[in-house]
Amino acid sequence: MNELKASVIVAMFNGEATIEKTLNSLLAQNYNKFEIIVVDDGSTDLSSKIVEKYLKEDKVKYVYKQNGGVAAARNTGIENADGDIIGFCDQDDLWKPEKLTEQMKVFNDNAQIGVVYSWIEVDREGKLNESHPCFEGDCFKALLMQNFISCCTGMARRDLLLAIGGFDESRELHGVDDRHVWLRLAKVTNFAVVKQVLATYVIHGANYSLNEEKMLKADKVCIEKVLQDETLSAVEKSWCSEAMFKVYLHYANNFFYINEIINCAQCLLDAWGIKKYRLDLLIASLILSVTPSSFIKGLKRVKQLLKGVAK
């Protein structure tokens with residue numbers, strides 16, 4: 001059987017500190033039929049000089065564009081790709097050597113599968129944790145309830161990405177533009193998962209996803225854009241409402257953890273606005289909105305102290 005070709009798109013912006021390690025991990029793949037497209041999104045550091053060393057490799061291409069954000073960079077990569085299957089690896093993430101072999105096997109064996117993702121290893125400043133999502137088939141509802149696909153694990157058929165118009169380049173979606181594309185793909189194709197850790201997602205201080213306020217806005221916009229799909233059934237629209245409710249609770253918890261009490265109270269209030277019978281959310285929001293943040297911080301310190309004594 002003629003093996004499908006993979007195109008790996010690396011969106012790069014000022015990635016001089018990490019791009020070499022990323023490219024080395026991609027070139028170490030034990031699947032032969034692939035190319036790497038580095039899309040330089042207007043870098044101002046020495047990133048391009050580092051990539052230049054790799055251009056002697058037949059598999060590596062370099063494309064420069066004016067800065068337009070990661071979604072625009074990924075679209076440029078898709079436009080310049082020769083592969084049947086598109087994968088994504090950010091400038092600071094890593095792939096295991098067997099990643100393409102394992103995921104391309106699924107595409108080669110089953111023409112009905114449009115997206116294949118894998119388990120992920122998360123490196124948070126040297127501390128490693130793994131995530132093992134197992135959703136397959138029709139994943140639209142699952143993706144609404146939880147963004148379980150790390151972009152550096154997801155791969156999709158190029159023709160499907162082109163059919164849905166690629167990534168939405170709206171700046172307001174920055175940080176979840178990949179979730180948005182998976183959701184749109186889930187409306188038109190089936191998903192499969194390789195139950196192996198095949199990539200490493202690196203979290204550090206420069207990650208956009210650490211900005212809670214911007215990520216809350218992006219997640220809300222993502223669901224609102226999905227709701228604009230005129231083909232959604234009444235049931236699917238109700239799933240979107242439930243997804244928005246979960247978003248507000250998720251960020252309420254995150255804001256409380258980082259002591260942004262006013263934002264936490266607002267998220268709880270917005271969640272109550274979706275489910276008015278949840279009076280506990282309204283009450284909690286009202287209490288937090290009039291409680292000094294210093295008092296909340298004090299309670300949290302006491303809790304930690306008592307926890308330490310209990311040990």
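Tutor: To describe how two helices pack, each one is given an axis, a line fitted to C-alpha atoms over the stretch in contact, and the angle between two axes runs from 0 to 180 degrees between the N-to-C directions. The model is predicted, and what follows applies to that model.

Start with helix H9, residues 234-257, and its packing on H10. Their axes lie 8 Å apart, at an angle of about 160 degrees. Angles over 145 degrees count as roughly antiparallel, so H9 is roughly antiparallel to H10. The crossing of this pair is left-handed. On the H9 side, the residues in contact are Ser-241, Met-244, Phe-245, Tyr-248, Leu-249, Tyr-251, Ala-252, Phe-255 and Phe-256. On the H10 side they are Ile-261, Asn-263, Cys-264, Cys-267, Leu-268, Asp-270, Ala-271 and Ile-274. Sorted by class, the contact of H9 with H10 has 14 nonpolar residues, two polar and one charged.

H10, residues 261-274, also packs against helix H11, residues 279-290. Here the angle is about 155 degrees and the axes are 8 Å apart. That angle makes H10 roughly antiparallel to H11. H10 passes H11 in a left-handed crossing. H10 supplies Ile-261, Ile-262, Cys-264, Ala-265, Leu-268, Leu-269, Ala-271 and Trp-272 to this contact, and H11 supplies Leu-279, Leu-281, Leu-282, Ala-284, Ser-285, Leu-288 and Ser-289. The classes are 13 nonpolar, two polar and no charged residues.

Which way do H7 and H8 run relative to each other, parallel or antiparallel? The axes of H7 and of H8, residues 212-227, come within 10 Å and cross at roughly 25 degrees. An angle under 35 degrees counts as roughly parallel, so H7 is roughly parallel to H8. Their crossing is right-handed. Arg-179, His-180 and Leu-183 of H7 meet Asp-219, Cys-222, Lys-225 and Val-226 of H8. This contact divides into three nonpolar residues, one polar and three charged.

Thr-189 sits in the loop between H7, 177-186, and strand E9, 190-203. Thr-189 counts as buried because its relative accessible area is 11%. The side chain of Thr-189 reaches the backbone nitrogen of Gly-114 at 3.1 Å. Leaving out residues up to four places away in sequence, Thr-189 touches Gln-112, Ile-113, Gly-114, Val-115, Gly-137 and Leu-160.

Is Gln-112 buried or exposed? Its relative accessibility is 58%, so Gln-112 counts as exposed. Gln-112 and Thr-189 are 77 residues apart in sequence, while their C-alpha atoms are 7.4 Å apart in space. With residues up to four places away in sequence left out again, Gln-112 touches Thr-189 and Asn-190.

H7 also has a part in the surroundings of H3. Nine of the ten residues of H3 are buried, which makes H3 mostly covered. They are Val-70, Ala-71, Ala-72, Ala-73, Arg-74, Asn-75, Thr-76, Gly-77 and Ile-78. These buried residues pack against E1, strand E2 (34-41), strand E3 (60-65), strand E4 (85-88), helix H6 (158-163) and H7. Glu-79 belongs to H3, residues 70-79, but counts as exposed because its relative accessibility is 58%. Glu-79 and Arg-158 are 79 residues apart in sequence, and 9.4 Å separates their C-alpha atoms.

Two loop residues end the walk. Asn-14 lies between strand E1, 6-12, and helix H1, 19-27. Asn-14 has a positive phi of about 50 degrees although it is not a glycine. With a relative accessible area of 30%, Asn-14 is partly exposed. Glu-125 lies in the loop between strand E6, 113-124, and strand E7, 127-131. The phi of Glu-125 is near 50 degrees, again a positive value in a residue other than glycine. At a relative accessible area of 70%, Glu-125 is exposed.

Methods
Residues are numbered from 1 along each chain as its sequence is written. This is a predicted model: local features need pLDDT of at least 70, side-chain atom pairs count only at pLDDT 80 or more; totals for chains, interfaces and linings use all residues. Side-chain values use heavy atoms; hydrogens and water are left out. Helices (H or I, at least four residues) and strands (E, at least two) are DSSP runs, numbered from the N terminus. Angles under 35 degrees count as roughly parallel, over 145 as roughly antiparallel, 65 to 115 as roughly perpendicular and the rest as oblique. A crossing is left-handed if the near helix is turned anticlockwise from the far one by less than a right angle, and right-handed if clockwise. Contact means heavy atoms within 4.5 Å. Ala, Val, Leu, Ile, Met, Phe, Trp, Tyr, Cys and Pro count as nonpolar, Asp, Glu, Lys and Arg as charged, and the others, Gly among them, as polar. Buried means under 20% relative accessible area, exposed over 50%, partly exposed in between (1.4 Å probe, protein chains only). A polar contact is a pair of N or O atoms within 3.5 Å; within protein, one must be able to donate a hydrogen and the other to accept it, and residues adjacent in sequence count only if both atoms are side-chain atoms.
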